Amino acid sequence: MTLSDDKITEIFCQVDTFCFHFQNALAPQILGNPPKKKPKLSLSEVITLMILFHHSGYRTMKGFYKNYVKVHMRHLFPKTVSYNRYVELMASANLPLAMFVKTCCMGSSTGISFMDSTPLRVCKNKRISRNKVFDGVAALGKSTIGFFFGFKLHLVVNDKGELLNFMLTGGNVDDRQPLKDPAFIKAFTGKLYADKGYISAELTNALFCDGIHLVTQIRNNMKNCLMELKDKILLRKRSIIETINDELKNMCQIEHSRHRSVANFLSNLLAGLAAYSFFPKKPAITYDSVHTNQLSMI
């Protein structure tokens with residue numbers, strides 16, 4: 001996916017506006033004197049390049065920075081630094097990038113939400129015992145396609161394909177655990193459609209008190225229950241969040257096994273989520289609501 005200079009400028013302006021307010025709010029809390037020599041690349045330029053990497057189609061940040069940014073983007077970023085220095089600046093940009101994703105890249109709740117979790121593998125299964133980068137951080141988990149070593153990314157999206165909230169947990173954490181966090185569920189209301197892994201009578205009652213109606217399919221050993229026709233139809237539209245997970249992994253490359261540090265993993269994940277929010281076209285569902293005066297009979 002290639003972006004025009006106008007689109008790159010638009011992304012930079014949004015990031016630069018956020019960084020301006022972020023640094024002004026953080027300045028009174030910083031201890032000591034500010035550095036006398038500022039880096040050649042500003043914070044907003046570093047974050048913008050991190051986001052552009054996930055639009056470029058390059059497999060590695062090193063190839064993108066050396067072969068594309070320093071060659072074909074000199075007119076937009078004239079004061080580039082060495083790649084080693086850029087890696088250091090990336091690690092220092094994790095906190096403002098996380099705040100940017102949470103505050104500027106999330107959509108608004110429409111009353112129809114979809115939730116799912118996807119595994120983020122940090123290495124192949126045969127190399128789990130030899131992995132030192134994520135030793136004590138990642139965990140061994142199990143998904144529908146088998147065991148994996150890494151993390152789980154829990155996503156909530158609306159019917160327009162926009163991200164509403166996300167949470168990163170260990171691979172061994174239950175899928176229902178994020179829904180027990182009040183800070184996580186305050187980003188959406190209305191109907192929440194999920195798969196069978198989220199079935200829990202206690203959780204459904206707790207969410208209903210918070211204004212969220214959890215709708216899932218039933219297992220084979222469960223009693224049948226009445227469900228509105230529109231809920232049955234929207235349950236079949238859960239493929240929207242599976243498509244988003246596929247785009248995040250294959251287009252934004254949030255999952256790979258070449259991480260050299262935990263900070264690099266977080267930078268890649270946050271930049272991938274931010275890059276998805278700037279996609280010109282997102283997976284979405286279209287539906288028409290018909291309002292009649294007929295009474296529904298059960």
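## Crossing helices and a pocket

The axes of helix 2 and helix 5 (residues 94-104) come within 11 Å and cross at roughly 65 degrees. Axes are lines fitted to C-alpha atoms, for helices over the stretch in contact, and angles run from 0 to 180 degrees between N-to-C directions. Helix 2 and helix 5 are therefore roughly perpendicular to each other (65 to 115 degrees counts as such). Their crossing is right-handed, with the near helix turned clockwise from the far one by less than a right angle. Helices are DSSP runs (H or I, at least four residues), as are strands (E, at least two), numbered from the N terminus.

This is a predicted model, where local features need pLDDT of at least 70, side-chain atom pairs count only at pLDDT 80 or more, and totals for chains, interfaces and linings use all residues. Residues are numbered from 1 along each chain as its sequence is written, and side-chain values use heavy atoms, without hydrogens and water.

pLDDT is the predictor's confidence in each residue, from 0 to 100. Its mean for the protein chain is 89, and 96% of residues reach 70 or more.

| Element | Mean pLDDT |
|---|---|
| Helix 8 (residues 229-236), lowest | 87 |
| Strand 4 (residues 163-170), highest | 95 |

The largest pocket holds about 870 Å³ of space. A pocket is an open set of points on a 1 Å grid over the protein atoms alone, where a 1.4 Å probe fits, with protein on both sides within 12 Å along at least five of seven lines; lining residues have an atom within 4 Å of a point. Of its 24 lining residues, Gln23, Pro35, Lys38, Pro39 and Leu43 are the closest to the centre.

Technical notes. Grid points are joined across faces, edges and corners, and a volume is the space filled by probe spheres set on the points. Angles under 35 degrees count as roughly parallel, over 145 as roughly antiparallel, 65 to 115 as roughly perpendicular and the rest as oblique.
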